[in-house]
There are 2 protein chains.
Amino acid sequence: MSELLETVQTSDLITKAQGAKAAAGVMAQMSTAQKDGALKRISEQLLKEQDFILEENRKDIEAGKQAGMNESLVDRLKLDESRLGDMASALLQLTELQDPIGEKLEEWERPNGLKMEKIRVPLGVIGMIYEARPNVTVDASSLCLKTGNAVVLRGSSTAIHSNKALVQVIHNALEGSGLPKEAVQLVEDTSRETAAQMFKLNDYLDVLIPRGGAKLIQTVVANATVPVLETGAGNCHVFIDESADPAMAIRIALNAKVQRPSVCNSCETVLVHAAWAEQHLDELVLALQENGVQIHGDKTVQQWNGVVPATEEDWGTEYLALEAAVKVVGSVEEAIDHINSYGTQHSEAIVSEDADSIGKFFNRVDAAAVYHNASTRFTDGFEFGFGAEIGISTQKLHARGPMGLPALTSTKYLVHGTGQTK
Amino acid sequence: MSELLETVQTSDLITKAQGAKAAAGVMAQMSTAQKDGALKRISEQLLKEQDFILEENRKDIEAGKQAGMNESLVDRLKLDESRLGDMASALLQLTELQDPIGEKLEEWERPNGLKMEKIRVPLGVIGMIYEARPNVTVDASSLCLKTGNAVVLRGSSTAIHSNKALVQVIHNALEGSGLPKEAVQLVEDTSRETAAQMFKLNDYLDVLIPRGGAKLIQTVVANATVPVLETGAGNCHVFIDESADPAMAIRIALNAKVQRPSVCNSCETVLVHAAWAEQHLDELVLALQENGVQIHGDKTVQQWNGVVPATEEDWGTEYLALEAAVKVVGSVEEAIDHINSYGTQHSEAIVSEDADSIGKFFNRVDAAAVYHNASTRFTDGFEFGFGAEIGISTQKLHARGPMGLPALTSTKYLVHGTGQTK
């Protein structure tokens, strides 16, 4: 271990990670009733200690404004009665969801008489690394508690007062709930060095989940030796096939682009089949422009006023804004190849009435979710009906696409014998 | 990217990884019949080109002997007619197993009419890093092909002639099979630098699987940014409870320790309840010693002749040899705490007739597989009835315990709409 680990600064991280690991053993034994009871107490406590939380939150807001933080970041950071109310409701909703822990996934018997069972168990200790959204503090803690895990939270320095207040409220609520307070740990040292140490804390953390922008996620993926659940980056496409219903195609492309451009399941590039484009490209371009979308177009699309030329870089860009790349392609195959080259394997849609095109698209596009005649915006744990969402995985290992509670679990084999040695 | 990547040495790795990635797209489209047909061709070709393979293998054996390689390593490296025959049979057995790709795992409909499906898809490109066992070359390639993946193999320099010969034979067999040759890639540069680059090849590799000793696995885990499937290390225990049937307990402890001490599911420490020890410890110690086991004992156990004192280090040691630590404990709780402190979460057994003890043990011991009245030696893909084994995962993410074909797959959501945008 490096000498840094000896310093006071870093021992806070290690102490908290050790506390979380010890608490994880206790958490794994908690009953559904105990866990749901604790979530209810947190929900109540959030409302009860609202004034304290908002006061601490104001300190972050003021510091942010003084440091010149831009408005949208200040908005993300800000808590108010309505947002706290939403958090409290989300906690209650979580108590209504089925507890995945202990679920029997498989059961079989071997010829030698061994009786085998596979059951769900908690992952253990989950490390969350996230940006200045204090709601993640409550969100992540509650999802981890519901699934019998412990959590080590490392939020942004710009939200430190809010995060400390929220974790204090959670700790107060856990007191007397039967759940160990140590199951929720906040790393108060928000230095990069501490984050870097957290990346390699394999002795204590079973998984790291980064929540935030592409840069944060890439930093974690590129540096962590703790297994990572990669979430987030979405360079999503809508492909309008030759046979697409024009009104439906334009409605879906518009929805995917403009409903909420800042999220990962929004559309960044619209691919249009040449035959459809001949008839309807005009309508599509105007609809996007009327909704305030700046279009980066290929040669064909550049014929329209206000369209700027798309560069090679545009095909790979996640704008997360009212901007879209638009390209005319000669076939479904060309669309698929484009998506597999430039996409981030998140969500990809085809609008088509042709079974053959749809089949090829579903089969060959490599993404967590593929859509036929529906918007990419549906890639979401709640829209999928999971009742909760840890994030949207863009990796192939462990979980892919929207992650509900089972993504925070592992499994264990229970084997019952009668003295077998062969 | 570092300058090293520009050198001739490393471009071989990148070229091969790119080839594998392109081939993975083709592999994902292969039918079960095509894949099984290719496996049969490889099986035949291995027997047909036996002389060539054995001749190349002899070069490795001779080089190994000249370099002073110890006998057990030479034995691992060695191929002969019987071992090639086993490989060929294993390939045919693999064709009998169900193809997991395309399997529908879930299907449901949302209130808005969206029809959801979750299906199994290949992982993509699998990186294998392994030691001087040429059988892994064929084993890993065939499991990856069966599951529609591509593989980048990085074996040991001491097996390079054998590995090149085997991959050449696989390539010959794939010619005309419909499967792309590029799906199986052997990295011929076995330098540490190339391995280190492979650890961070996130652009091309979806997962890394290290197969070998604890040191190799730890090096990969500590350095890889590509997601790792951690396999192998097993500090397994047998706990003999107060109520254990003496003959059964001794039979299980002996089997777990002596049947094949070099493997990860063998037992390293036997924990004995004090009440049982009073009556039967003598019998247990003598049985182990008669079978050639060197015992590292705690104070009680040291009373027997030939027992050496156990140090703190012994409790954490994976001997992988005819050595065992033996400790007397006061309760099932003490046994559980010992296991959770020193174990590697692999396989843990209790011998007991007491439902309460068994329940506590199953509930609180944190391991991939827990056993009641059976040997830890059963933790194995074939013994579990999976028909194949990629390895035994000791991590909690993605797969835990013996990994069959599904461990080499991911999932994909297919969403069918009728124009939905909300």
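This is a predicted model: local features need pLDDT of at least 70, side-chain atom pairs count only at pLDDT 80 or more; totals for chains, interfaces and linings use all residues.
Local features here need pLDDT of at least 70, side-chain atom pairs count only at pLDDT 80 or more, and totals for chains, interfaces and linings use all residues. Residues are numbered from 1 along each chain, chains are lettered from A, and side-chain values use heavy atoms, without hydrogens and water.

Axes are lines fitted to C-alpha atoms over the stretch in contact, with angles from 0 to 180 degrees between N-to-C directions.

| Pair in chain A | Axes | Angle |
|---|---|---|
| Helix 2 (32-48) and helix 7 (160-174) | within 8 Å | roughly 130° |
| Helix 5 (81-96) and helix 6 (134-146) | 11 Å apart | about 15° |

Helix 2 of chain A is therefore oblique to helix 7 of chain A, whereas helix 5 of chain A is roughly parallel to helix 6 of chain A. Under 35 degrees counts as roughly parallel, over 145 as roughly antiparallel, 65 to 115 as roughly perpendicular, and the rest as oblique.

Contact means heavy atoms within 4.5 Å. Helix 2 of chain A uses residues including A:Ile42 and A:Leu46 to meet helix 7 of chain A, where A:Leu166 and A:Ile170 are among the partners.

In chain B, helix 14 (residues 355-364) has B:Ser357, B:Ile358, B:Phe361 and B:Phe362 as its buried residues (under 20% relative accessible area, 1.4 Å probe, protein chains only). Those residues fall within an arc of 125° seen down the axis, so they line one face of helix 14 of chain B; the arc is taken from directions from the helix axis to the C-beta atoms. Their cover includes strand 16 (409-420) of chain A and helix 13 (332-342) of chain B.

Key: Buried means under 20% relative accessible area, exposed over 50%, partly exposed in between (1.4 Å probe, protein chains only). Helices (H or I, at least four residues) and strands (E, at least two) are DSSP runs, numbered from the N terminus.
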